[in-house]
Amino acid sequence: MENVVLIIHLLLALGLIAAVLLQRSEGGGLGMGGGGGGAVSGRAAATALTKLTWILAIAFIFTSITLTVISAQKSSGSSVFDGSLLPPSDTGTPAAPSIPLGSDLLPPSAADSAPLVPSAE
């Protein structure tokens, strides 16, 4: 069921992209002029393409909500913290990583005669 809704969702997305790109620019979008002459009214006439765009947009939102509900129902019994997603460990307890001692992080003492950088000899 989820795959069918997902395919319909993707087809609606492609149809919505095509419908929006086919519409004529009304101007003022990105500073591009495009409005024609003639009488300018407060409300543009609703053409078949704008009605199709609204129908596709409503159907797209409906399939988005449907996919969200289906996904939530499928994952309602499991959690990321359950640990079932982790591969089983071969040993009983994993070995703790070795932490360097504090003396390993200090610079060498003055009594140490080893050079700090390799010599070019």
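**Figure 1. Packing of helix H1 against helix H2 in a predicted model.** The buried residues of H1 pack against H2, where contact means heavy atoms within 4.5 Å and buried means under 20% relative accessible area, exposed over 50% and partly exposed in between, with a 1.4 Å probe and protein chains only. This is a predicted model, in which local features need pLDDT of at least 70 and side-chain atom pairs count only at pLDDT 80 or more, while totals for chains, interfaces and linings use all residues. Residues are numbered from 1 along each chain as its sequence is written, and side-chain values use heavy atoms, with hydrogens and water left out. The protein chain contains two helices and zero strands; helices (H or I, at least four residues) and strands (E, at least two) are DSSP runs, numbered from the N terminus.

**Figure 2. The two faces of helix H1.** Helix H1, residues 2-22, has 21 residues and spans 30 Å from its first C-alpha to its last, close to the 30 Å expected at 1.5 Å a residue, the expected span being 1.5 Å times one less than the number of residues. Val5, His9, Leu12, Ala13, Leu16 and Ala19 are the buried residues of H1. Viewed down the axis of H1, these buried residues fall within an arc of 135 degrees, so they line one face of the helix; the arc is that of the directions from the helix axis to the C-beta atoms. An α-helix has 3.6 residues a turn, so residues three or four places apart point the same way. The face of H1 turned away from the buried side carries exposed residues, namely Asn3, Ile7, Leu11, Leu14, Leu21 and Leu22.

**Figure 3. Buried positions of helix H2 and their cover.** With 27 residues, H2 reaches 39 Å from its first C-alpha to its last, close to the 39 Å expected at 1.5 Å a residue. Thr53, Leu56, Thr63, Leu67 and Ile70 are buried in H2, and what covers the buried residues of H2 includes H1.

Figure 4. His9, in helix H1, counts as buried at 12% relative accessibility; leaving aside neighbours within four places in sequence, His9 is in contact with Phe60, Thr63, Ser64 and Leu67. Thr53, in helix H2, counts as buried at 13% relative accessibility, and, not counting residues up to four places away in sequence, Thr53 touches Leu16, Ala19, Val20 and Gln23.

**Figure 5. Surroundings of Thr50.** Thr50 lies in helix H2, residues 48-74, and is partly exposed, with a relative accessible area of 24%. The side chain of Thr50 reaches the backbone oxygen of Thr47 at 2.8 Å. The C-alpha atoms of Thr50 and Gln23, which are 27 residues apart along the chain, are separated by 7.7 Å.

**Figure 6. The salt bridge between Lys74 and Glu2.** A search of the whole structure finds one salt bridge, defined as a side-chain nitrogen of Lys or Arg within 4 Å of a carboxyl oxygen of Asp or Glu. The side chains of Lys74 and Glu2 meet in this salt bridge at 2.9 Å, N to O. The pair links distant parts of the chain, with Lys74 in helix H2 and Glu2 in helix H1, 72 residues apart. Lys74 counts as exposed at 61% relative accessibility, whereas Glu2 is partly exposed, with a relative accessible area of 26%.

Terms used. A polar contact is a pair of N or O atoms within 3.5 Å; within protein, one must be able to donate a hydrogen and the other to accept it, and residues adjacent in sequence count only if both atoms are side-chain atoms.
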